[in-house]
Amino acid sequence: MVTFHRPADTKILQAPIAITANNETNEIVAASTLNIIRVVSLFFICDGVVDVRFEDGSGGASTIMGVMSFGPNGGIVLPENLNGWFETITVNTTLNMEVTNGTNPVISGTLKYQLIDPNIT
């Protein structure tokens with residue numbers, strides 16, 4: 001079970017998604033020393049067949065979700081949800097997008113997130 005932390009009045013930040021090759025460690029959001037990363041909205045489009053999943057830390061240290069498979073011109077839109085769609089599991093880890101099973105795919109989009117202190121409820 002995932003516990004979402006909901007402190008009030010937390011700034012929403014934005015990060016681009018711009019991936020041009022298979023790579024198991026595409027850093028989308030850098031680590032924040034005392035915070036977890038909560039994704040509040042997301043969209044991206046893939047130019048070809050590709051598998052994608054989000055991870056907490058590099059090299060699949062902790063998977064946040066299962067693999068999502070997309071066909072040519074496939075993508076996903078998660079509208080703004082201040083309760084969060086998903087978040088990293090531990091503080092001081094990056095939010096990564098693992099991309100596999102494609103032939104040098106191009107993935108473009110953006111992600112909005114908040115930096116959350118997990119000790120505040």
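Start by selecting Phe86: this residue is buried, with a relative accessible area of 6% (buried means under 20% relative accessible area, exposed over 50% and partly exposed in between, using a 1.4 Å probe and protein chains only). Before you go on, know that this is a predicted model, where local features need pLDDT of at least 70, side-chain atom pairs count only at pLDDT 80 or more, and totals for chains, interfaces and linings use all residues. Residues are numbered from 1 along each chain as its sequence is written, and side-chain values use heavy atoms, leaving out hydrogens and water.

**Stop 1: the aromatic pairs**

How many aromatic pairs does a search of the whole structure find? There are 2. Rings of Phe, Tyr and Trp (its six-membered ring) pair if their centres lie within 6.5 Å; planes under 30 degrees apart count as stacked, over 60 as edge-to-face and the rest as tilted.

Select Phe44 and Phe70. Their pair is edge-to-face, with 5.4 Å centre to centre and 75 degrees between the planes. Phe44 sits in strand E3 (residues 36-46) and Phe70 in strand E6 (residues 68-70), so to speak distant parts of the chain, 26 residues apart, linked by the pair. Strands (E, at least two residues) are DSSP runs, numbered from the N terminus, as are helices (H or I, at least four). Both Phe44 and Phe70 are buried.

Phe54 belongs to strand E4 (residues 50-56) and Phe86 to strand E8 (residues 86-87), so the pair ties together parts 32 residues apart in sequence. Phe54 is buried too, with a relative accessible area of 0%.

**Stop 2: strand E3**

Colour residues 36-46. In E3, 9 of the 11 residues are buried, so the strand is largely enclosed by the rest of the structure. Next, look for its partners (two strands pair if DSSP finds at least two bridges between them):

- E3 and E10 pair in the antiparallel sense over 10 bridges, and Arg38 stands opposite Gln114 in E10.
- E3 and strand E7 (residues 75-78) are antiparallel over 4 bridges, with Ile45 opposite Gly75.
- E3 and E8 are antiparallel over 2 bridges; here Val39 has Phe86 as its bridge partner.

**Stop 3: the core**

Finish with the largest nonpolar core, which has 24 residues. A nonpolar core is a set of buried Ala, Val, Leu, Ile, Met, Phe, Trp, Tyr and Cys residues joined through side-chain atoms within 4.5 Å. Select Phe44, Met97, Ile107 and Leu111, which touch the most other members. E3 gives the most to this core, with 5 residues.
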